[in-house]
Amino acid sequence: MIIEVLEVVFLFTTALIIAYLVRHYIFTLTVLRRVKKPKNVDSVADPKYEPTVSILIPARDEENVIGRLLQRMTELTYPQGKLQVIVIDDASSDATGQIAEEYSRSCECIEVLHRDKKAGGKGKASALNSGLEHSTGEIVLCFDADYYPQREIVEKLVKEFVAPAVGAVQGRPVVLNEAQNIVTRLVTLERIGGYRVDQEARDTLGLIPQFGGTVGGFRRSVLEKLGGFDETMLTEDTDLTFQVYLAGFKVRYVSDAECYEEAVDNWKAYWRQRTRWARGHMQVCFKHALRVLRSKKLNIKEKIDGLLLLHVYFMPVLTLIAFFAGVSLILSESSQLVNALWFFVPASFYSLVGNFAPFFEIGIGAYLDGRTRIQWLIPLLLFAYFYNILICTKALLDLFAAKMLRKSQSDWAKTRHLGNGNSYIGN
Amino acid sequence: MKFESSCIVLAFFLEVIVLCLITSFRFINIESTVTLLIFNLLFFSLTFQLNGSLNRKLGMLALGNIIGLFWNFFLYFFATAGAMFFGEIFNVLYAVFYPLLNFMWIVSFWSLSLSVLPNPKSVHEEVKR
């Protein structure tokens, strides 16, 4: 009886692993084909389309990085008269508010919204909602304080909104402090796999490109219709992605709208950040999985991709289960099928958590980016994956514990930015 | 003349690949042949679409097959010796860790081989020049 149960568990989990591997193999092939036969990207561009844009920058204790972002905001090529930059100083205990105030004095388009300790500190979604209330633009873009965008990023992002069906848009984050250490290099590989291949393939195939919470934005009317950012969600970005699709709109991914980010530079910060992402993503999965399945506004391709996307943070836990079930079955010499399928389980160990990008996808992404050496680090993904198994298992347990204890999830579990990326910016 | 020599090199690489597959099946085990086939499938379907001459790609593929063959050869002898020394438990360990140990060479070789192919950006620059 136990053997039969183990076999069912093993077959189910391995089938999921194979589904993800096939999905990402298709993504990789799609991007390779797209490189060979690029689409006419300017076909949707309308040079006369210049809507008013509000940029929201939620910031809590970001004195090391906020200055460079605001400096860049003053250098954007988008007409300043149509631009409104709102810094939401969310009860910062450092000089974030003062730095923002200095910039607002020198640049008319920059406004600062101070939230005191009573009103603020309730999470990024709450800060964004507060900024949204004060914003006036037809398009609302969001940037995290540690980001450093291209000067022409607003034009690149906004042009997609010409199409009325587009409800949200996402640009490409590129790691600024890649050369700092091994952690930042591995995060770079993750970003390459996730954006250069994964997001681009999803966009090309008409699936569900994901809004990542920064370097992107929304059509204001859509955001208002959806009720703004859900403050109960830890990953309000993933939540909004699905809300946008369930409301009948699309998210577009713009690969050439690059924005440079300061990646986490130590394993402790990586743990904290990924635990929050994993918890938030699982939260969104519980909220939207059934809605995606039942939705009449999503086609079958979008439903399959949406469900795989929603469950991606469960995969490390499931691969762990597959591993132990497989080992038990091999020990009990159960069947040849188990031996044959066993090969796929370690294949997943060379994948990235968050998008399940396998080693071949990351390698191709790095190559297409013109990288020559960073792909040599791909074998190290094995260790990152084992680390992520622990992260996702803890996140799942935390989520269950929070549900049982009815504990709020929506606090600022933010990453501390030390401004290590500043030295890589050459103005 | 140049065309002919290119064809000979191609035929040589193809022969090496086929020989590796036959050798693995005949002298090691079916699992090693399947491993090589999976590596060939991945390499052929993805890497062959990148920049670089066919000779270079096929050369890399042949080299990958040789490395894979030797890796599996050593693994097999290690497992056989281990089973004789430690008993049946070693065979079980071998069965459990065999795919993971094989992915070590596949992933490492894959990641290194991408650096050997011409970089798309430098190709683009060459075209511009």
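This is a predicted model: local features need pLDDT of at least 70, side-chain atom pairs count only at pLDDT 80 or more; totals for chains, interfaces and linings use all residues.
Visitor: Why is the crossover from S2(A) to S3(A) called right-handed?

Guide: The term applies if, with the strands pointing away from the viewer, the path from the first strand over the helix to the second runs clockwise. The chain passes from S2(A) through helix H3 (residues 96–106) of chain A to S3(A), and this β-α-β crossover is right-handed; the path over H3(A) therefore runs clockwise in that view.

Visitor: How do you know that S1 and S2 of chain A pair, and in which sense?

Guide: Seven bridges link S1(A) and S2(A) in the parallel sense, and the rule asks for at least two, so they count as paired. In S2(A), Val85(A) is the bridge partner of Ile55(A). The chain goes from S1(A) to S2(A) through helix H2 (residues 66–74) of chain A, in a β-α-β crossover that is right-handed.

Visitor: To which strand do four bridges join S1(A)?

Guide: Four bridges join S1(A) to strand S4 (residues 139–142) of chain A, and the two run parallel. Cys142(A) in S4(A) is the bridge partner of Leu56(A).

Visitor: Why are S3 and S5 of chain A called edge strands?

Guide: Eight strands of chain A form an open sheet in the order S3-S2-S1-S4-S7-S6-S8-S5, with mixed pairing. S3 and strand S5 (148–149) of chain A each pair on one side only, and pairing requires at least two bridges, which means that each has a paired neighbour on just that one side.

Visitor: What makes strand S1 of chain A mostly covered?

Guide: A residue is buried if 20 or more other C-beta atoms lie within 10 Å of its own. In S1 (residues 53–59) of chain A, seven of its seven residues are buried, so each of them reaches that count. Both faces are covered: Val53(A), Ile55(A), Ile57(A) and Ala59(A) lie on one side, and Ser54(A), Leu56(A) and Pro58(A) on the other.

Visitor: Which residues have the most contacts inside the largest nonpolar core?

Guide: They are Ile55(A), Leu56(A), Ile57(A), Leu69(A), Val85(A), Val87(A) and Leu141(A), in a core of 141 residues. This core draws at least three residues from each of domain 1 (2–35 + 306–402) and domain 2 (48–267) of chain A. Leaving aside its neighbours within four places in sequence, Leu69(A) is in contact with Ile57(A), Phe143(A), Ala145(A), Tyr147(A) and Tyr148(A).

Visitor: How many residues does each domain of chain A give to the contact between them?

Guide: The C-alpha centres of domain 1 and domain 2 of chain A lie 30 Å apart. Their contact takes 23 residues from domain 1 and 19 residues from domain 2 of chain A. On the domain 1 side, H14(A) gives the most, with six residues.

Visitor: What is the make-up of the side of chain A that touches chain B?

Guide: The contact takes 24 residues from chain A and 21 residues from chain B. H14(A) gives the most to the chain A side, with six residues. That side divides into 18 nonpolar, five polar and one charged.

Terms used
Residues are numbered from 1 along each chain as its sequence is written. Chains are lettered from A and ligands numbered from 1 in the order in which they are written. Domain bounds come from an automatic or database domain assignment. Two residues are in contact if their C-beta atoms, placed from the backbone, lie within 7 Å. Ala, Val, Leu, Ile, Met, Phe, Trp, Tyr, Cys and Pro count as nonpolar, Asp, Glu, Lys and Arg as charged, and the others, Gly among them, as polar. A nonpolar core is a set of buried Ala, Val, Leu, Ile, Met, Phe, Trp, Tyr and Cys residues joined through C-beta atoms within 7 Å. A residue is buried if 20 or more other C-beta atoms lie within 10 Å of its own, exposed if 12 or fewer, and partly exposed in between; C-beta atoms are placed from the backbone.
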